[in-house]
Amino acid sequence: MNSISQTPVRLRIFHTNHSLPRSVSKPSFFFSLPSSPSHCNSTTPQVRRIVVASMSYDKQLDAAKKSASLAARLCQKVQKALLKSDVQSKSDKSPVTVADYGSQAIVSLILEKELPSVSFSLVAEEDSGDLRKEESKETLHRITELVNETLAGDGMSDISPLSEEDILIAIDKGKSEGGPHGQHWVLDPIDGTKGFLRGDQYAIALALLDEGKVVLGVLACPNLPLGSVACHDQHNPESKVGCLFFAQVDAGTYIQSLDGSSTTKVLVSPTDNPEEASFFESFEAAHSMHDLSSMIARKLGVKAPPVRIDSQAKYGALSRGDGAIYLRFPHKGYREKIWDHAAGYIVVAEAGGIATDAGGNPLDFSRGRYLDLDTGIIVTNQKLMPSLLKAVQESIKEKASSL
Ligand code: AMP
Ligand code: MG
């Protein structure tokens with residue numbers, strides 16, 4: 001039996017005289033029934049009962065949350081040690097390398113353990129090529145130690161201790177090409193490596209594609225405040241950090257603290273007034289054109305200065321209304337990868353938001369490892385999208401003509 005035929009189905013009934021609700025996305029299948037025999041009252045518009053049977057990905061979501069949380073624990077351990085170290089070793093990139101590979105190994109191992117399937121497919125950022133080189137011996141040893149410690153610390157000693165070869169194999173499970181058919185996990189083991197090294201924001205971003213669509217997403221953001229980023233005081237010990245966002249298609253977006261608090265449903269900002277809207281963009285100017293976003297913000301009437309944070313933590317923050325807009329405009333020639341957006345995309349969409357390319361086209365995660373767009377990505381709520389899109393297109397034209 002393949003993994004799709006094992007997936008339970010959820011039935012939902014909508015009473016409507018219109019077409020399907022916006023939130024109902026494919027692959028759902030549905031049938032409609034008259035709510036009462038048509039001869040009962042021929043003068044009132046006929047209300048149809050639409051029975052929607054959508055896939056439930058509860059089991060996959062549980063495994064995704066578990067693996068991303070554990071990977072986050074490994075990363076936190078490495079970042080803590082890094083921040084305690086002296087200035088010289090801070091310029092060394094090896095801590096992020098260890099955490100990156102370790103995170104990918106943990107997610108790969110846990111997903112396979114929790115969801116055994118012959119068709120397991122993982123599209124992930126790292127592969128073991130460099131790690132197999134002689135000069136990486138010590139790094140591989142450290143990664144293996146860390147993964148074993150982290151798994152044993154969570155009572156998963158049934159899959160540990162793992163050998164160095166086990167770790168390399170687990171990392172290389174991430175070589176899948178993805179695509180439009182079947183189910184594929186999509187992982188960025190540390191999104192925002194620059195933020196990780198600085199001691200700022202980063203995320204473990206994990207999503208599942210089913211027939212080319214994102215059907216669930218998890219964002220573990222170890223340094224993101226549990227309250228709004230706008231009100232966070234990092235010097236106040238009461239201000240807690242560590243968020244786990246998760247979303248499943250047609251089931252909403254939720255947040256938990258990474259140490260496992262109760263779950264809260266989140267929604268994007270409802271504002272339709274750009275003057276009240278703040279916007280997110282990359283911390284790194286090399287990752288997104290800050291001059292273009294400031295032009296767009298001005299045109300739209302946004303008053304607040306940009307909120308610059310690393311990684312898909314931006315999608316998480318937007319999904320709970322910390323800000324209303326996220327603008328990402330990589331410099332010419334950069335190719336977006338699916339693992340940099342898949343989890344964030346569904347976290348925002350299920351919270352009522354929308355992410356498109358700069359031309360307003362939906363993001364297509366079905367084409368393999370790349371998103372293949374070169375215009376940028378914009379994210380906001382449904383009400384602001386038309387005016388944002390107009391400001392984006394005018395600004396892009398203006399910037400091009402000024403060159
Ligand atoms: P952010 O933290 O939002 O700036 O985005 C982080 C992601 O940007 C990383 O995971 C990288 O994959 C990606 N990235 C790396 N180099 C570039 C680049 N030159 N332009 C845009 N994005 C990049
Ligand atoms: Mg990334």
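Reader: Does Leu 115 count as buried or exposed?

Author: At 14% relative accessibility, Leu 115 counts as buried. Buried means under 20% relative accessible area, exposed means over 50%, and partly exposed is in between (1.4 Å probe, protein chains only). This is a predicted model, in which local features need pLDDT of at least 70, side-chain atom pairs count only at pLDDT 80 or more, and totals for chains, interfaces and linings use all residues. Residues are numbered from 1 along each chain as its sequence is written, chains are lettered from A and ligands numbered from 1 in the order in which they are written, and side-chain values use heavy atoms, with hydrogens and water left out.

Reader: OK. Where does Leu 115 lie?

Author: Leu 115 is in the loop between α3 (94-114) and β4 (122-124). Helices (H or I, at least four residues) and strands (E, at least two) are DSSP runs, numbered from the N terminus. Leu 115 and Lys 59 are 56 residues apart in sequence, with 8.1 Å from C-alpha to C-alpha.

Reader: New topic. Which residues coordinate the magnesium ion?

Author: Asp 188, Asp 191 and Asp 340 coordinate the magnesium ion, ligand 2, through OD atoms at 1.9 to 2.3 Å. Donors are N, O and S atoms within 2.8 Å of the metal (3.2 Å for Na, K and Ca), and water is not among the atoms, so sites may look incomplete. Along the chain, the donors follow the spacing D-x2-D-x148-D. Asp 188 lies in strand β5 (residues 183-191) and Asp 340 in the loop between β13 (325-328) and α9 (342-349), so this pair ties together parts 152 residues apart in sequence.

Reader: Are Asp 188 and Asp 340 buried or exposed?

Author: Both Asp 188 and Asp 340 are buried.

Reader: And ligand 1? Which residues come nearest?

Author: Of the 13 residues around ligand 1, the nearest are Asp 191, His 287, Ser 311, Lys 314 and Asp 340. A residue counts as near if one of its heavy atoms lies within 4 Å of the molecule or strand. The shell has three nonpolar, four polar and six charged residues. Ala, Val, Leu, Ile, Met, Phe, Trp, Tyr, Cys and Pro count as nonpolar, Asp, Glu, Lys and Arg as charged, and the others, Gly among them, as polar.

Reader: Which polar side-chain atom lies 2.9 Å from a nitrogen atom of ligand 1?

Author: One of Arg 328. For Tyr 334, a polar side-chain atom is 3.2 Å from a nitrogen atom of ligand 1. In the side chain of Asp 191, an N or O atom is 2.8 Å from an oxygen atom of ligand 1. The protein covers 82% of the 490 Å² of accessible area that ligand 1 has on its own.

Reader: Now strands. Why is β8 largely enclosed?

Author: Seven of the eight residues of β8 (residues 241-248) are buried, so the rest of the structure largely encloses this strand. β8 runs antiparallel to β7 (residues 213-225), joined by seven bridges. Two strands pair if DSSP finds at least two bridges between them. Leu 216 has Gln 248 as its bridge partner in β8.

Reader: How many bridges pair β8 with β9?

Author: Five, in the antiparallel sense, with β9 at residues 253-257. Phe 246 stands opposite Tyr 254 in β9. The hairpin of β8 and β9 has four residues between the strands, and there Asp 250 takes a positive phi near 65°.

Reader: What order does the open sheet have?

Author: Its five strands go β12-β11-β13-β15-β14, with mixed pairing. β12 (307-308) and β14 (353-357) are at the edges with a single partner strand each, so one side of each has no neighbour in the sheet. In β15, five of five residues are buried.

Notes. Polar contact = N/O pair within 3.5 Å; in protein donor to acceptor, adjacent residues only side chain to side chain. Areas by Shrake-Rupley, 256 points an atom, 1.4 Å probe, with all protein chains shown as cover.
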